[in-house]
Amino acid sequence: MKEKIAKLIEQAKLAVEQSHTLAFINNVKVKFLGKNGELTQLLRGMKDVPQEERPMVGKYVNEARDLITELTEEKTRQLAQAEIDEKMMKESVDITLDGKNTERGSLHPCTLVANEIVDIFTSLGFTLGEGPEIELDKFCFQMLNIPPDHPARDMQDTFYITDDILLRTHTSSVQARTMINTKPPIRIICPGKVYRPDDDATHSPMFQQIEGLVVDEKVTLCDLKGLLETFAQRLFDSSTKVRFRPSFFPFTEPSVEVDLSCSVCHGKGCRICKGTGWIEILGAGVVNPKVLDNCGIDSKKYKGLAFGLGVERVAMIKYGIPDMRILFENDVRFLKDFK
Ligand code: PHE
């Protein structure tokens, strides 16, 4: 009996040693210590043991059970710990690794420039004026002294929807709308999309304009020059000069084209200013008294100043963009440069 017990202990030791999973060690427990396990079987054989030896054998059996219990429990603890360690390893996060960056977008160069221009004028006391892109002929042309069939319409041919509804060719339509509704003094800027059937490296069928209007008593062409000079110096730099050249617009009299000294070569002549030292940037003038009268403003008492610029054109000058079409292609490689 004693040998049997010793052998059983040896077998149990080996089985514990070879257990590599919790499921396996559980089976070992059942096999040796369970209700129908090896040890119980041995106890069943006690009846064959002589009476006087029974206490001794009982002691061995108890010692064997304690030993095997201890061995299997120790192994169970080890395997459980190993399982936790492995899980921790697999799920561990290396907090020293770089995070994944989500790409952030940026404002379009035209939006950047438009915002800057609007900021400059609002800081000079202008408020924003708004109007529809699909406009009545009346506001786009007639009130601005461009009657039907007048040759001046050719300056801004456009997309007609009906005979008197069209896509606006300039945001001067907002000036007309504002003047009929507002008592002077007026100081507004009107940013927005406009449409003309032009399409080449420096013209697009849709572009953005910012036009401005001042209506007050005693304002002159000198005020216009001072205003545009202040604007140009804030947009480019304080050495920027402004030059007026005579021009024609039906809604202003006198009318001027406004040139700025080239912000790249400062007047020496370069690729951007095509060697002239000057860049044309705006149309402007003193509002034609007929326009004021058309809009119900007394042209004897009030004078108006008006100007208009193309946002894409300013963006091209500011960022040295040679072809306007790049601005509309939405090529991310180009747009990324404006982050
Ligand atoms: N409306 C003109 C254009 O779109 C620009 C302009 C505005 C000229 C105001 C003079 C005065 O070309």
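## Domains and ground rules

The centres of domain 1 and domain 2, taken over C-alpha atoms, are 96 Å apart. Domain 1 spans residues 2-90 and domain 2 spans 109-338. These bounds come from an automatic or database domain assignment.

The model is predicted: local features need pLDDT of at least 70, side-chain atom pairs count only at pLDDT 80 or more, and totals for chains, interfaces and linings use all residues. Residues are numbered from 1 along each chain as its sequence is written, and side-chain values use heavy atoms, with hydrogens and water left out.

Seven strands form an open sheet in the order 1-4-5-9-8-7-6, with mixed pairing. Its edge strands are strand 1 and strand 6 (242-249), each of which pairs on one side only. Strands here are DSSP runs of E, at least two residues long, numbered from the N terminus. Two strands pair if DSSP finds at least two bridges between them.

Start at strand 1 (residues 127-128). It pairs with strand 4 in the parallel sense over two bridges. Thr127 stands opposite Ile188 of strand 4. On to strand 5 (residues 206-216): strand 4 and strand 5 pair in the antiparallel sense over 10 bridges. Gly192 has Gln209 of strand 5 as its bridge partner. Strand 4 (residues 186-195) is mostly covered, with seven of its 10 residues buried. Buried means under 20% relative accessible area, exposed over 50%, and partly exposed in between (1.4 Å probe, protein chains only).

## The strand 6 end

Strand 6 and strand 7 are joined by a hairpin through two residues. They pair in the antiparallel sense over seven bridges. Phe249 stands opposite Thr252 of strand 7.

Strand 7 (residues 252-261) also pairs with strand 8 (residues 278-287), antiparallel, over eight bridges. Glu257 stands opposite Gly283 of strand 8. Ser261 stands opposite Trp278, also in strand 8. Strand 7 is largely enclosed by the rest of the structure, because eight of its 10 residues are buried.

## The ligand site

The ligand is surrounded by 14 residues. The closest are His170, Ser172, Arg196, Gln209 and Glu211. A residue counts as near if one of its heavy atoms lies within 4 Å. Gln209 is also the bridge partner of Gly192.

For Glu211, the side-chain N or O atom is 2.7 Å from a ligand nitrogen. A polar side-chain atom of Arg196 lies 2.7 Å from a ligand oxygen. The protein covers 93% of the 320 Å² of accessible area that the ligand has on its own. Areas come from the Shrake-Rupley method with a 1.4 Å probe. A polar contact is a pair of N or O atoms within 3.5 Å.

## Cysteines

A disulfide is a covalent bond between the sulfur atoms of two cysteines. The rule used here is a pair of cysteine sulfur atoms within 2.5 Å. The count comes to zero.

Cys110 counts as buried, at 2% relative accessibility. Cys265 is in no disulfide either; the nearest cysteine sulfur, in Cys273, is 3.6 Å away. Cys265 is buried, with a relative accessible area of 10%.

Notes: Helices (H or I, at least four residues) and strands (E, at least two) are DSSP runs, numbered from the N terminus. A polar contact is a pair of N or O atoms within 3.5 Å; within protein, one must be able to donate a hydrogen and the other to accept it, and residues adjacent in sequence count only if both atoms are side-chain atoms.
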